[in-house]
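The sequence and the structure are shown first.

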Amino acid sequence: MSAIALTLSVIFFGLSGTDIWVQNHFYNPLENKWLLDRDEPILKFIFYDGIKRLIIILNVLVLIGLILWWKKPFLAQYRRGLVIVVLSAIFVPLVVGSFKALTNLPCPKNLEIYGGNYPHTCVWEKYPSTFCQEGKIKCWPAGHASGGFALLSLIYLFRTRKAKILAGSVAMAIGWSMGSYKMLIGDHFLSHTFITMVMAWFIISLIVYTIERWQKRG
């Protein structure tokens, strides 16, 4: 299902024009400015540097805890969930980052309609032959938000429905706050963040499936 959702999302955003419609609300063409200033230090710390460092620190602590207390009885019921969280923290940003390196798509700020020099194209389209690209660009999907959406793996850490819903809600809030900040400074379209969210869940689902298969064989 995740793969189907990912495919449909790419097609929808590529054909619908939703990205441009949404992004136009964040850009002032008269002043050539985005809704938020990327150099504003407080917002940059909260939604970029600070949250990214916090997520990295939390994941490192989880990894250290797993290594130190792997065989401890109190960790037994959470061991599988914590492994999923650590693997998701590694592979979600890694896979998303790999796609960014391959797709060669610009950020909103790079497009001609927003003061840049890139034409607007879909992910499956090539640039016009008249366009001269000096170097590869990496803006699709949203790499920054991938760390936040990797936290959707916390759903597998808890057992009660209420705890799972809370964990998923917190992860979504973090992922979308990170992604929305990048949209408001002109670094990403809505589709970039949405695709990252779907990719994150797809990768997490693959990790869970792999672990379950491994446990059955064991």
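Two residues are said to be in contact, or to touch, when they have heavy atoms within 4.5 Å. In this predicted model, valine 92 touches Ser146, Ala150, Ala200, Ile203 and Ile204, once residues up to four places away in sequence are left out of the count.

**Overall layout**

The protein chain contains seven helices and two strands, and, when these are read along the sequence, they follow the pattern α-α-β-β-α-α-α-α-α. The C-alpha atoms fill a box of roughly 60 × 40 × 30 Å, taken along the principal axes. Of the 218 residues in the protein chain, 41% are buried. Among contacts between residues at least 6 apart in sequence, 72% join residues at least 24 apart.

**Nonpolar cores**

Which residues touch the most other members of the largest nonpolar core? They are Val92 and Tyr114, in a core that has 41 residues. Helix H1 (2–16), helix H2 (18–23), helix H3 (41–69), helix H4 (79–103), helix H5 (143–149), H6 and H7 each supply at least two residues of this core, and H7 gives the most, with 10 residues. A second, separate core consists of five residues, among them Leu75, Leu82, Val86 and Leu157. As background, nonpolar side chains tend to be buried together in soluble globular proteins.

**A buried and an exposed residue**

Serine 88 lies in helix H4. Its relative accessible area is 0%, and serine 88 is therefore buried, the cut-off being under 20%. Not counting residues up to four places away in sequence, serine 88 touches Pro93, Ala150, Ser153, Ile204 and Ile207; Ala150 and Ile204 are also among the residues that valine 92 touches.

Leucine 8, placed in helix H1, has a relative accessible area of 54%, and because the cut-off for exposed is over 50%, leucine 8 counts as exposed. The C-alpha atoms of leucine 8 and alanine 145 are separated by 20 Å, and these two residues are 137 residues apart along the chain.

**Two helix pairs that involve H6**

Helix H6 spans residues 161–184 and helix H7 spans residues 190–217. The axes of H6 and H7 come within 9 Å and cross at roughly 155 degrees, which means that H6 is roughly antiparallel to H7. The crossing in which H6 passes H7 is right-handed. On the H6 side, Met172, Trp176, Gly179 and Met183 take part in the contact, and they meet Leu190, Thr193, Phe194 and Met197 in H7. The residues of this contact divide into six nonpolar, two polar and no charged.

How do the axes of H3 and H6 lie, and at roughly what angle do they cross? They come within 10 Å and cross at roughly 140 degrees, and H3 and H6 are therefore oblique to each other. Their crossing is left-handed. The contact is made by Leu43, Lys44, Phe47, Tyr48, Ile51 and Ile55 of H3, together with Ile174, Ser177, Met178, Tyr181 and Lys182 of H6. The residues of the contact of H3 with H6 divide into eight nonpolar, one polar and two charged.

The table sets out the geometry of the two pairs.

| Helix pair | Axes come within | Crossing angle |
|---|---|---|
| H6 and H7 | 9 Å | roughly 155 degrees |
| H3 and H6 | 10 Å | roughly 140 degrees |

Key: Residues are numbered from 1 along each chain as its sequence is written. This is a predicted model: local features need pLDDT of at least 70, side-chain atom pairs count only at pLDDT 80 or more; totals for chains, interfaces and linings use all residues. Side-chain values use heavy atoms; hydrogens and water are left out. Axes are lines fitted to C-alpha atoms, for helices over the stretch in contact, and angles run from 0 to 180 degrees between N-to-C directions. Helices (H or I, at least four residues) and strands (E, at least two) are DSSP runs, numbered from the N terminus. Angles under 35 degrees count as roughly parallel, over 145 as roughly antiparallel, 65 to 115 as roughly perpendicular and the rest as oblique. A crossing is left-handed if the near helix is turned anticlockwise from the far one by less than a right angle, and right-handed if clockwise. Ala, Val, Leu, Ile, Met, Phe, Trp, Tyr, Cys and Pro count as nonpolar, Asp, Glu, Lys and Arg as charged, and the others, Gly among them, as polar. A nonpolar core is a set of buried Ala, Val, Leu, Ile, Met, Phe, Trp, Tyr and Cys residues joined through side-chain atoms within 4.5 Å. Buried means under 20% relative accessible area, exposed over 50%, partly exposed in between (1.4 Å probe, protein chains only).
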